[in-house]
Amino acid sequence: MTALERDAGVQGRLGAWVSERVSVAVSEFTAAAALVVLFVALSLASPNFLTADNLFNIGSQTAVIAIIAVAQTMVIITKGIDLSVGSTAALAGVMAAIVVRDLGVSVWTAALVAIAVGAACGLVNGLLVSVVRLPPFIATLGTMSAGRGLVFIVTGAVGVYSLPESFQLLGNGQIGGVPFAIVVTALVALAVGYLLSQSRFGQHVYAMGSNLEAARRAGIAVRRKLTAVYVLAGALVGLGGVIAASRVNSGQPNYGIGLELDAIAAAVIGGASLFGGQGRIAGTLIGAFLIALVRNGSVLLGISIHYQQVIVGLIIWAAVAFDQFRRRRLEARG
Amino acid sequence: MSPRFRSRWTIALLAAAATFALSACVEVRDGGGGEETGPVDGPLEIAVAPKAVGHEFWNTVKAGAECAAGLAEDVTVTWDGVAAETDIEGQVNLIQNFVTSGVDGIVYAATDSAALAPATQSALDAGVPVAMIDSGTDPQPSEVPLYATDNRAGAVEAANLLADALGEGDHEVALIEFQPGSQTNTERAEGFTEGLAAHANLELVAQQPSHSDVNEARRVTEDILTANPELDGIFAANEPSVLGAIQAIESAGKTGEVTVIGWDAAPDEVAALEAGQIHALVVQNPFNMGFLGVQSMIEHLREGTPMASADTGVTFVTAENMASEEVRAVLEPSCDNPPVDQ
């Protein structure tokens, strides 16, 4: 294929690409509007909501799920799904706790270990998807199960306790009065957001998700790039896992069961499409904060946990239904 | 065939495969008549299942079970459990698999009192005796004993401990429960509310579950502290709830301001008690649960002695009494110095 043909292929997809971007922006806007409405409502309903302490709390509480949702978004854009994020986060968290406890390494070294563990899980997912050609659902379902098993094997099914105070730095420390976890989340979101929207790699990620075969024909090294997406996502999940462990100063073998659902919900509320090719980091962050606000607000207002779950379910329905509606209208307009 | 259509087929196939796998699991073993067999002289294999693996509490149950097996001859304990307390169906399957694999007796803690009742019954029908530990089933067959903590009484006492610690005057308190709907959770939550009723100066201003997840316990406690800046006391009703709650209190800079009554005695809970982050712990005797469960199962299998339910007891541990011999035996149970009446 000549460079000219390749350009023609890209040109042909440009129109579709632009209208997709518009539709993502629209659902992002809707989610953002919902976030603002909820924010104002909670400020009025609870005198304790709009305080620096509570806002920092919400930020720290959302940090882990936001980072993992960012990872999930990358995978969803490639028309994949990562069910293994909970197990990967738990494995990374307990491994970090174990190296701190047994080898006495610093929290930074532990974080690197966690990121490496996460990346390794991602590499397994990536190879299974791109080389073995398993559907992402199946590949990550296997990793989810095997990963959880590994967590229990390495911990002997006991929490990893008796860690030094210094291990709490990642989850509980502050930089200039701002919780460290929030700073890390912001940096991760900015970096991945830039990567997806500004880099050539990002373009290829969207292209693979829209049409893998077309991307392959356009000369994109899909195997390598798809694997890279899973490795990067795994590394981020590992980072999320060590922050979660640090927040409770222990490695919890049961951590993260059901986390994949929160991460998928955040991405989908933010406009990512499970059919691939669509999704933005800004939207995912909005989705993650929307879920977090519902949970925070429910506790502040003394609403039972059962209603919180119903509300999150309703938001997912509403977000995706509205998204579909807008998309059909855009398609009808051509 | 469009890619979207193909992925639907994948899901349909997956569902079919899952259904098949499940139906394979519920295949019933031919129990050889289903009647109680006579005393067994040879080696015994006793399956012991916790609600979930991964918590200190259940590892102590395991130590107690293995201790009882070690004191008898030719008894092996097979320890297996689901990963999460919420995996009720997984536990149903596990009990069925124990029966299928031909164990001599099953000692387990039900993740759900109603859902596990048929599993217990089908084990009995297959001629495998069952003893329950920690959490029983509803209905509980008369030949199945329960070795458990009186959760309600322990939680009533937790309310009393909190009232004593807070003293005169009006106080706001909160409850961090763990798994709404589970028997144990209901008993502790109701016991605590019942206990509070006796202290008119204590008001329960918040009640949220942790789902036995330390991170979630921390999150709900942070939010409760935000919503109730005047909060004076917290009763956290299990290990993960306690660990998350004290993290939240510490990060809010309220250690010492908020009095915590906890439940169970994981190493970090004991350390927090020593550090003054926790006022008192209601400590069950999981070692005794595992020990009594397996010991009476062995006697039943070997000699035909009927098994009888027993309260395994709670100990109230504070910084003052934690050095005493009796409390030490409960906090650091071992087979050399077992916290059981032999």
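Two residues count as in contact if their C-beta atoms, placed from the backbone, lie within 7 Å. Keep that rule at hand for the whole tour.

This is a predicted model, in which local features need pLDDT of at least 70, side-chain atom pairs count only at pLDDT 80 or more, and totals for chains, interfaces and linings use all residues. Residues are numbered from 1 along each chain as its sequence is written, while chains are lettered from A and ligands numbered from 1 in the order in which they are written.

**Stop 1: where the chains meet**

Show chains A and B together. In this pair, 31 residues of chain A are in contact with 31 residues of chain B. Now colour the chain A side by element. Helices H2 (52-77), H5, H10 (222-247) and H12 (281-300) of chain A each give two or more residues to it. (Helices are DSSP runs of H or I with at least four residues, strands are E runs of at least two, and both are numbered from the N terminus.) H2(A) supplies the largest share, four residues. By class, this side of chain A has 14 nonpolar, 14 polar and three charged residues. Here Ala, Val, Leu, Ile, Met, Phe, Trp, Tyr, Cys and Pro are nonpolar; Asp, Glu, Lys and Arg are charged; the others, Gly among them, are polar.

**Stop 2: H2 and H12 of chain A**

Under 35 degrees counts as roughly parallel, over 145 as roughly antiparallel, 65 to 115 as roughly perpendicular, and the rest as oblique. The crossing is right-handed. A crossing is right-handed if the near helix is turned clockwise from the far one by less than a right angle, and left-handed if anticlockwise. Select the contact residues, among them A:Ile58, A:Ile65 and A:Ala69 of H2(A) and A:Leu285, A:Phe289 and A:Ala292 of H12(A). The contact of H2(A) with H12(A) holds 11 nonpolar, six polar and no charged residues.

**Stop 3: H3 and H5 of chain A**

Select residues 85-103 and 136-155 of chain A, which are H3 and H5. Their axes come within 8 Å and cross at roughly 20°. H3(A) is therefore roughly parallel to H5(A). This crossing is left-handed. Residues that meet here include A:Leu91, A:Val94 and A:Ile98 in H3(A), with A:Met144, A:Leu150 and A:Val151 in H5(A). The contact has nine nonpolar, six polar and one charged residues.

**Stop 4: the domains of chain B**

The domain assignment, automatic or from a database, gives domain 1 (23-148 + 286-311) and domain 2 (151-284) of chain B. Eight residues of domain 1 are in contact with 10 of domain 2. The domain 1 side has two nonpolar, three polar and three charged residues.

**Stop 5: H2 and H10 of chain B**

Select 56-71 and 286-303 of chain B, which are H2 and H10. The axes come within 6 Å and cross at roughly 35°. H2(B) passes H10(B) in a right-handed crossing. Among the residues that meet are B:Phe57, B:Val61 and B:Cys67 in H2(B), and B:Phe287, B:Phe291 and B:Ile298 in H10(B). By class, 13 are nonpolar, six polar and one charged.

Methods: Axes fitted to C-alpha atoms, helices over the stretch in contact; angles between N-to-C directions.
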